[in-house]
Amino acid sequence: MKDVTISESVKYIGVDDTTIDLFESQYHVPNGVSYNSYVILDEKTAVMDTVDPRGALEWLRNLDKELKGRTVDYLIVSHLEPDHAGSIQALAEKYPDMKLVSNAKALKMIPQFFDFDLTGRTVEVKEGDTLSLGSHTLHFVMAPMVHWPEVMVEYESSEKILFSADGFGKFGALCVEEDWLCEARRYFINIVGKYGAQVQALLKKAATLDISMICPLHGPILKENLGYYIEKYDIWSSYRPEDEGVLIAYASIHGNTARAARKMAEVLEAAGAKKVVIKDLARCDMAEAVEDAYRYSRLMLCCATYDGGLFPCMEDFLAHLRAKNFQKRTVGLMENGSWAPTAAKSMRAILDGMKDLKICDQTVSILSTMNEKNVEEMKGLAAELLA
């Protein structure tokens, strides 16, 4: 385990998982993921969440090392997703006098995951409640739908620590040195992105707290320049573009649409686009494509017609955007087809169901292969897209 220092009284007991290939069975995690857990050592001891069963044995060893023979008085359950709550029963059986502290929704859901007897073992908390451990006091803040209905976070007032559940987390094991921003953005957009309004509500509550450290359930502990991380969360959860630029996402069958997409990139750059990023939806990491759609201010969709509709990877991409509440962007459309191009119509129909999108009036329609007329049409579309 990488040494993670928090304080004399608050200890990191989480584990790295570097063998997992897909987080939540859908997100590639080339550098693994951390399952973070903490223990507060005071007159009473409190474990702040558990870990995925994949790391339970190592986690229990880490906890034993910090307890030095003491028992666990409380387990704080912030979020019941199995990557954080999967070892609750193991801890409850090891410490039969331990109390489980959570809100009503979470306590009701625990029996859906585990089969041990909760009678007399729970402490129900609600918004604004506190729990004294001695010199440390936990303040409970409800965070429903960030990103499950039972989520809460905890603020420890003596050391000014926010235990932020899935908030401010990222992909990547702690034993791997990497930049926070990219994998935190991909994590947020793809997992929490649908719930921007709820994240905004939590940020408003957090703004009333004097926070010196953020301890999330994934990723590194944040100790410095907290305003930077909070600003990123404010941008992402309010669906504002993070950067001026254009994502070109294309779905090409035989390569003709791909060539047109690359030409469109040249046209956009010549027209003054600050940054142009191209994603081949048939081959790229879909989560990264979704991330970039949120990151940049404009989106250019280029798709081949397939069975009278959309090439499947484009349909999948748009389904992801719709599911994650994609909005507040300008979108351009380009289609290709050999006898009856319909991709633009199909894409527009999906986009029309999303919020606050400006879809360009001009559309580029290619018959099999790009020609000079199409290039001129691209110039007109680029002007409208960048206006």
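Helix H5 (residues 180–192) and helix H9 (residues 286–295) have axes that come within 9 Å and cross at roughly 90°. That makes H5 roughly perpendicular to H9. Keep in mind that this is a predicted model. On the H5 side, the residues that meet H9 are Cys182, Arg185, Arg186, Ile189 and Asn190. Their counterparts in H9 are Ala287, Glu288, Val290, Glu291, Tyr294 and Arg295. Sorted by class, this contact has five nonpolar, one polar and five charged residues.

Several of those charged residues turn up again in salt bridges. Arg185 and Glu291, from the contact between H5 and H9, belong to a network of salt bridges that also includes Lys232 and Glu242. Arg295, another residue of that contact, has its side chain in a salt bridge with that of aspartate 243, at 2.7 Å from N to O. This pair links distant parts of the chain: aspartate 243 is in strand S16 (residues 243–251), arginine 295 is in helix H9, and they are 52 residues apart. Aspartate 243 counts as partly exposed at 26% relative accessibility, and arginine 295 is also partly exposed, with a relative accessible area of 24%.

Then there's Glu288, again from the H9 side of the helix contact. Its side chain meets that of lysine 279 in a salt bridge, at 3.6 Å from N to O. Lysine 279 has a relative accessible area of 14%, so it is buried.

Lysine 205 sits in helix H6 (residues 196–206) and glutamate 127 in the loop between S10 and strand S11 (130–132), so the pair ties together parts that are 78 residues apart in sequence. Lysine 205 counts as partly exposed at 30% relative accessibility, and glutamate 127 is partly exposed too, with a relative accessible area of 41%. In total, the count comes to 20 salt bridges.

| Salt bridge | N to O distance |
|---|---|
| Aspartate 243 and arginine 295 | 2.7 Å |
| Glutamate 288 and lysine 279 | 3.6 Å |

Now for the sheet. What is the order of its strands? This open sheet of six strands runs S1-S6-S7-S8-S9-S10, with mixed pairing. Strand S1 (10–12) and strand S10 (122–124) are the edge strands, each pairing on one side only. On average, and with direction ignored, neighbouring strands of the sheet are turned by 25° against each other.

Within the sheet, strand S8 (residues 74–76) and strand S9 (residues 99–102) pair in the parallel sense over three bridges. Tyrosine 74 has lysine 99 in S9 as its bridge partner.

Which helices pack on the sheet? Helix H1 (residues 56–67) does, touching S1, strand S6 (38–41) and strand S7 (45–48), and its direction makes about 15° with that of S6. Helix H4 (residues 104–113) packs on the sheet as well, where it touches S9 and S10. The direction of H4 makes about 130° with that of S9.

Terms used: Residues are numbered from 1 along each chain as its sequence is written. This is a predicted model: local features need pLDDT of at least 70, side-chain atom pairs count only at pLDDT 80 or more; totals for chains, interfaces and linings use all residues. Side-chain values use heavy atoms; hydrogens and water are left out. Two strands pair if DSSP finds at least two bridges between them. Helices (H or I, at least four residues) and strands (E, at least two) are DSSP runs, numbered from the N terminus. Axes are lines fitted to C-alpha atoms, for helices over the stretch in contact, and angles run from 0 to 180 degrees between N-to-C directions. Contact means heavy atoms within 4.5 Å. Angles under 35 degrees count as roughly parallel, over 145 as roughly antiparallel, 65 to 115 as roughly perpendicular and the rest as oblique. Ala, Val, Leu, Ile, Met, Phe, Trp, Tyr, Cys and Pro count as nonpolar, Asp, Glu, Lys and Arg as charged, and the others, Gly among them, as polar. A salt bridge is a side-chain nitrogen of Lys or Arg within 4 Å of a carboxyl oxygen of Asp or Glu. Buried means under 20% relative accessible area, exposed over 50%, partly exposed in between (1.4 Å probe, protein chains only).
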